[in-house]
Amino acid sequence: MPTRDIAGTTVDVNEEGYFTNPEQWTEAMAAVLAQEEEIGELTDGHWKILNFLRQDYKEKGTMPTIRRVKNAGGIPTKDLYDLFPGGPLKKSSKIAGLPKPASCI
Amino acid sequence: MSEGKIKKVSIVCSKGSLEGVYPALIMANGARMEGIEASIFFTFFGLYAILKKYQDEIKIATVGNPAMRVPDAKGMALPTWMGAIPGMSAFATNMMMKEMEALDIPPIGEFIEMIHDAGGKIYACKATVDMFHLTLDDFCPQMEKVLTVGEFYDLSAGAEIIFT
């Protein structure tokens, strides 16, 4: 299992850089990952999404779909795409220290 | 790897059955999820997917569908003549919609809205609009423009064209 160093801590990731153990993630790492994903500075809008993804994953044990982010998380699909352009669910999941979303929706 | 990446898709949705419409929607939405530019050109009976009065009444074609099985996908083969029994299409649609809801696949109206909000473009075919005597009022608000086939090709420059 590959590991990598983010913000001074070694974490477990898969081949594509997604966390395999979300417990290892810290908020400080999100800022570093956001730069890598070319999202830039994380705003309150970004954090609302990251927090929902983390909370929902913790409760359900699976990654939410974009539809669930909209309907259960109350985050408009347009906001998700505007804040994380170029692959919103994948990028936000990676920054939130979560596994790669596996759904087609 | 990045050199071979698909950047743009133009999907033609020509069928008005549930199994005709969903693949187009899923492919368009999936493209946007990957950061791929996506548009859907609805033509012929596929146009019903963007007619606000009819888009959520779209049903599975049970007639002439030899792959149908009951009560689920691994059940007994449904004799094709039974597909014509009144209510069969509605019943099969209802069953499948339940399965889809469990997978978080939205109803057509909501799905079109999501694709639109994701930056996907929704177009209608001019020839069909004329043939069906439709006006702009008949369409869901996400429909961007009625296009001739020439305009569709113009907008599809550099895209992979997918016909469903």
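How many helices and strands are there in chain B? Chain B has five helices and seven strands; helices (H or I, at least four residues) and strands (E, at least two) are DSSP runs, numbered from the N terminus.

Before you click, note that this is a predicted model, where local features need pLDDT of at least 70, side-chain atom pairs count only at pLDDT 80 or more, and totals for chains, interfaces and linings use all residues. Residues are numbered from 1 along each chain as its sequence is written, chains are lettered from A and ligands numbered from 1 in the order in which they are written, and side-chain values use heavy atoms, leaving out hydrogens and water.

**Stop 1: chain B.** Select the chain. Trace its elements from the N terminus: β-α-β-β-β-α-α-β-α-β-α-β. Its C-alpha atoms fill a box of roughly 45 × 45 × 25 Å, taken along the principal axes.

**Stop 2: helix α3 of chain B.** Select residues 108–117. Seven of the ten residues are buried, so the helix is largely enclosed by the rest of the structure. Buried means under 20% relative accessible area, exposed over 50%, partly exposed in between (1.4 Å probe, protein chains only). Among the buried ones are B:Ile108, B:Phe111 and B:Met114.

**Stop 3: its neighbours.** Now show both chains. The buried residues of α3(B) pack against α3 (66–71) and α4 (77–83) of chain A. In chain B they pack against α1 (18–33), β2 and β5 (121–125). Contact means heavy atoms within 4.5 Å.

**Stop 4: past the helix.** Select B:Gly119, which follows α3(B). Its phi is positive, near 95°.

**Stop 5: B:Phe45.** Find this residue in the loop between β2 (37–42) and β3 (69–70) of chain B. B:Phe45 is partly exposed, with a relative accessible area of 46%.
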